[in-house]
Amino acid sequence: MTTNFRITIKGTEFEFISMNRVKLQAFQIFVLFEQKKVRFHMQVDDNDPERFYITDPQSCPDVHLSLEPTFSEAILQKGLAVPAT
């Protein structure tokens, strides 16, 4: 099962909301930018299941586009719920 999570990079918080509760496939990412909540999407690369990419770069603030590899790694590390023991 996937999970929603938040990460902070250089003082900016990003909220990741899973769009598929069963497997890592797509996420909405929310960030406060210029006093507005902005949303963009990332999804798994069909040719490389270990990579997520920004599907709509025009929706992502330019200042955050270079963080795509960091966002992808965060999804891979934090996007799956850890089973309770």
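Is Glu50 buried or exposed? Glu50 is exposed, with a relative accessible area of 56%; here exposed means over 50% relative accessible area, buried under 20%, and partly exposed in between, with a 1.4 Å probe and protein chains only.

## Basis of the description

The model is predicted, so local features need pLDDT of at least 70 and side-chain atom pairs count only at pLDDT 80 or more, while totals for chains, interfaces and linings use all residues. Residues are numbered from 1 along each chain as its sequence is written, and side-chain values use heavy atoms, leaving out hydrogens and water.

Glu50 belongs to strand β5, which covers residues 48-54. Strands are DSSP runs of E with at least two residues, helices are runs of H or I with at least four, and both are numbered from the N terminus. Leaving out residues up to four places away in sequence, Glu50 touches Ser72 and Leu76; contact means heavy atoms within 4.5 Å. Phe40 is ten residues from Glu50 along the chain, and their C-alpha atoms are separated by 20 Å.

Gln28, in strand β3 (residues 26-33), counts as buried at 16% relative accessibility. Its side chain is joined to that of Arg39 by a polar contact of 3.2 Å. A polar contact is a pair of N or O atoms within 3.5 Å; within protein, one must be able to donate a hydrogen and the other to accept it, and residues adjacent in sequence count only if both atoms are side-chain atoms. Beyond four places in sequence, the residues that Gln28 touches include Glu15, Phe16, Phe40 and His41.

## The faces of helix α1

Helix α1 spans residues 68-78, and its buried residues are Phe71, Ser72, Ala74 and Ile75. Seen down the helix axis, these residues fall within an arc of 160°, so they line one face of α1. The arc is that of the directions from the helix axis to the C-beta atoms. Pro69 and Gln77 are exposed on the other side of α1.

The cover over the buried residues of α1 includes β1 (5-9), β2 (12-18), β3, β4 (36-45) and β5. Ile75 is in contact with Phe5, Phe16, Leu24, Phe27, Met42 and Phe52, neighbours within four places in sequence aside.

## The nonpolar core

The largest nonpolar core has 20 residues, and Ile7, Phe14, Phe16, Phe71 and Ile75 have the most contacts inside it. At least two residues of this core come from each of β1, β2, β3, β4, β5 and α1. Strand β4 supplies the largest share, four residues. Such a core is a set of buried Ala, Val, Leu, Ile, Met, Phe, Trp, Tyr and Cys residues joined through side-chain atoms within 4.5 Å.
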